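Colleague: I am new to reading protein models. Could you take me through one, feature by feature?

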Amino acid sequence: MKKISVIFAIGLLILIACLAVATQAAKTPPLATPFPSLTPTNVQVFPTPSSPGSSVTWDHLQVTMEQLEFTEEYVTDFGSTRVPPTGGKFLWAHLRLKNTGQTEMNLPLAENFSVLYAATELKPTYGHRAGYTDYTTLGPVIFPGQELDGWLRFDLPATAELSELLFVFLPESSQIGASYDSPYYPYALDKPTYVWYCVP
């Protein structure tokens, strides 16, 4: 009986203590949390495009988009003829690169280049046109003072015109996330972006 009385007394003390804490909490007004201040969102837009033949420099790598040209078909390095899907044609982009720094650099991947056309971002695909150096065969690095050039192939609709295209180099991303009709590029936010018109 003595044990039950002790347990009952301890339980009663705990209950009284809990009620006292709850009463005190109810009397204390909650601290007001200040509303976070709003910061304006920076709107990112494409830089003013360069013309074909103009160079840009990123981290000691000079990149020049020399020219673009369309073909209806092409002969591969292996002698076979490739034709585009029905309603399409091939776009070829000639790039020239030079390492102007003092150390070797990684060569940008083909995926770091895009063509924007009619709200679509197009990526290069397999090319290897006979008589033309394919960009993907240039190797992984470019040495100090070294100059390289190669061609990238893009598949476009047959109705596309050079005046409707933008060529983009995004060295630190593989996707722009922009449409031809919009200056915004959310995936390229805060990343270096270089743009060329496709006609002089």
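Colleague: Which side chain does the side chain of Asp155 make a polar contact with?

Modeller: First, the term. A polar contact is a pair of N or O atoms within 3.5 Å; within protein, one must be able to donate a hydrogen and the other to accept it, and residues adjacent in sequence count only if both atoms are side-chain atoms. Here the partner of Asp155 is the side chain of Arg153, at 2.9 Å. Keep in mind that this is a predicted model: local features need pLDDT of at least 70, side-chain atom pairs count only at pLDDT 80 or more, and totals for chains, interfaces and linings use all residues. Residues are numbered from 1 along each chain as its sequence is written, and side-chain values use heavy atoms, with hydrogens and water left out.

Colleague: Where is Asp155 found?

Modeller: In strand β10, residues 147–157. Strands (E, at least two residues) and helices (H or I, at least four) are DSSP runs, numbered from the N terminus.

Colleague: Why is Asp155 called partly exposed?

Modeller: Buried means under 20% relative accessible area, exposed means over 50%, and partly exposed lies in between (1.4 Å probe, protein chains only). Asp155 has 32%, so it is partly exposed. Of the 200 residues of the protein, 37% count as buried.

Colleague: What is Asp155 in contact with, leaving aside neighbours within four places in sequence?

Modeller: Contact means heavy atoms within 4.5 Å. By that rule, Asp155 touches Lys89, Phe90, Leu122 and Thr125. Leu91 shows how sequence and space can part ways. Asp155 and Leu91 are 64 residues apart in sequence, yet 6.2 Å apart in space, C-alpha to C-alpha.

Colleague: How many residues are in the largest nonpolar core?

Modeller: In soluble globular proteins, nonpolar side chains tend to be buried together. A nonpolar core is a set of buried Ala, Val, Leu, Ile, Met, Phe, Trp, Tyr and Cys residues joined through side-chain atoms within 4.5 Å. The largest one here has 32 residues, and Leu97, Tyr135, Phe154 and Phe167 have the most contacts inside it. Strands supplying at least two residues each include β2 (61–71), β5 (88–99) and β10.

Colleague: In what order do the four strands of the open sheet lie?

Modeller: Two strands pair if DSSP finds at least two bridges between them. The order is β8-β7-β11-β12, with antiparallel pairing. β8 (120–122) and β12 stand at the edges with a single partner strand each, so one side of each is left without a neighbour in the sheet. Further in, four bridges join β7 to β11. Leu116 stands opposite Leu166 in β11.
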